[in-house]
Amino acid sequence: RSAFFMAQLSHPYMTTGKTIALTRRTSVGKVMSLLLNMLSGLVITFLPRMDVLVMTPWFAPIIWDGTFDSAILDAQFRDTTIGLTVFAIKKYVVFLRLFLETAEKYFMVGHKVTYYVFTDRPADVPQIALRAGRQVVVLHVGSYRRWQDISMHRMEMISNFSRQRFLHEVDYLVCLDVDMKFSDHVGVEILAPLFGTLHPGFYAADRQSFTYERRPLSRAYIPRDEGDFYYAGGFFGGSVPEVYRLTTACHQAMTADQAQGIEAVWHDESHLNRYLLSHKPSKVLSPEYLWDERMLQRPPLLRKLRYVAVPKNHGEIRNR
Ligand SMILES: CC(=O)N[C@H]1[C@@H](OP(=O)(O)OP(=O)(O)OC[C@H]2O[C@@H](n3ccc(=O)[nH]c3=O)[C@H](O)[C@@H]2O)O[C@H](CO)[C@H](O)[C@@H]1O
Ligand SMILES: [Mn+2]
């Protein structure tokens with residue numbers, strides 16, 4: 001698009017008599033549309049995205065297609081090892097194959113990756129052909145009866161394993177839901193000391209309508225007049241020390257809530273939102289990085305769907 005614009009600028013008919021001949025034969029509308037076309041070329045060249053917010057009020061980039069150059073970033077992160085944490089407890093092991101197969105196609109291609117698969121069913125972890133420099137580490141963990149407890153205890157397990165081994169094994173952690181698949185590039189553009197992802201249901205909503213925990217008794221409480229974004233529980237991460245701090249704090253807050261007999265409305269996601277309000281992420285990922293095609297119509301500003309929900313039958317899969 002920018003090359004096309006440059007060609008137009010330097011084309012002789014812009015400055016010769018041909019221009020006059022051209023305008024005479026065309027309507028005002030056509031001239032206007034030519035001008036608009038030039039203007040949009042200019043906008044696309046110098047302001048890659050005019051249709052979306054590309055920076056938070058604390059100067060953290062918001063990652064949308066068109067805002068980054070993978071060749072530059074891949075060179076910057078050449079010697080980086082990325083750990084991906086994913087939980088497949090009880091019936092959720094069925095999601096692992098598609099998750100891992102699509103991750104091999106799209107996640108951090110060309111970089112060193114360790115998949116940390118937390119499961120109570122190690123025998124059910126599928127064997128997947130991996131690219132060079134990538135490995136699967138199966139971590140045998142316990143289970144809980146309620147799906148909410150499994151979801152929440154991910155914070156505790158990531159915290160514990162961060163201290164025991166992730167700190168010594170990888171540079172960054174990317175913490176993901178398993179009931180999802182990759183469908184486009186997810187690379188080092190996401191990496192930062194601390195990052196969260198805009199929840200696809202709320203990226204265009206105002207803070208009053210965010211589904212934060214609203215009861216002051218909970219440690220996840222956020223009043224109506226506070227809040228930057230509504231972040232999704234299914235995609236966050238950062239450097240290992242930062243993820244260690246985040247998961248430890250969220251686990252402590254959930255333990256304190258439990259002692260008060262209260263459970264935050266959206267469990268770990270509510271606590272993640274509370275944490276990221278007082279610890280501003282250094283990068284924010286757009287909903288390209290977490291989308292649900294069954295729940296939402298894809299708007300034109302969403303040029304890529306990089307990581308999308310896999311439909312699941314809640315009755316069949318949860319609490320089993
Ligand atoms: C996409 C997204 O933002 N998802 C969040 C959303 O719900 P979801 O509806 O996406 O929650 P979910 O059913 O996917 O559970 C969260 C995750 O816990 C794991 N799991 C859960 C149950 C089980 O029996 N076995 C098992 O392994 C699994 O990795 C799963 O992906 O809200 C949850 C809290 O309410 C979490 O914050 C999720 O991260
Ligand atoms: Mn999920």
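The model is a prediction in which local features need pLDDT of at least 70 and side-chain atom pairs count only at pLDDT 80 or more, whereas totals for chains, interfaces and linings use all residues. Residues are numbered from 1 along each chain as its sequence is written, chains are lettered from A and ligands numbered from 1 in the order in which they are written, and side-chain values use heavy atoms, with hydrogens and water left out.

The shell comprises 21 residues, of which F87, Y92, H267, D268 and R318 are the closest to ligand 1, a residue being counted if one of its heavy atoms lies within 4 Å of the molecule. By class, the shell divides into ten nonpolar, four polar and seven charged residues, where Ala, Val, Leu, Ile, Met, Phe, Trp, Tyr, Cys and Pro count as nonpolar, Asp, Glu, Lys and Arg as charged, and the others, Gly among them, as polar.

Polar contacts (pairs of N or O atoms within 3.5 Å) are made to oxygen atoms of ligand 1 by a polar side-chain atom of Y92 at 2.6 Å, by a backbone N or O atom of V178 at 3.1 Å and by a polar backbone atom of G233 at 3.3 Å. Taken alone, ligand 1 exposes 730 Å², of which the protein buries 92%, as computed by the Shrake-Rupley method with a 1.4 Å probe.

Ligand 1 sits in the largest pocket, in the sense that more than half of its atoms lie within 2 Å of the grid points of that pocket. On a 1 Å grid over the protein atoms alone, a pocket is an open set with protein on both sides within 12 Å along at least five of seven lines, a cavity is a set of points where a 1.4 Å probe fits but cannot get out, and lining residues have an atom within 4 Å of a point.

An unreviewed UniProt entry annotates H199, T211, E269 and D292 as "binding site", and the lining of the largest pocket includes H199, T211, E269 and D292. H199 is found in the loop between strand 7 (194-197) and strand 8 (235-239).

The "binding site" feature in UniProt (unreviewed entry) is also placed at F87, A88, I89, Y92, D177, V178 and D179. These residues span 93 residues in sequence, yet no two of their C-alpha atoms are more than 11.3 Å apart, so they gather at one spot. From this set, F87 and D177 belong to the lining of the largest cavity; F87 lies in strand 2, whereas D177 is found in the loop between strand 5 (172-176) and strand 6 (180-182).

Conventions. A polar contact is a pair of N or O atoms within 3.5 Å; within protein, one must be able to donate a hydrogen and the other to accept it, and residues adjacent in sequence count only if both atoms are side-chain atoms. UniProt positions are given in the numbering used here, feature names are shortened, and annotations may be inferred rather than shown by experiment. Helices (H or I, at least four residues) and strands (E, at least two) are DSSP runs, numbered from the N terminus.
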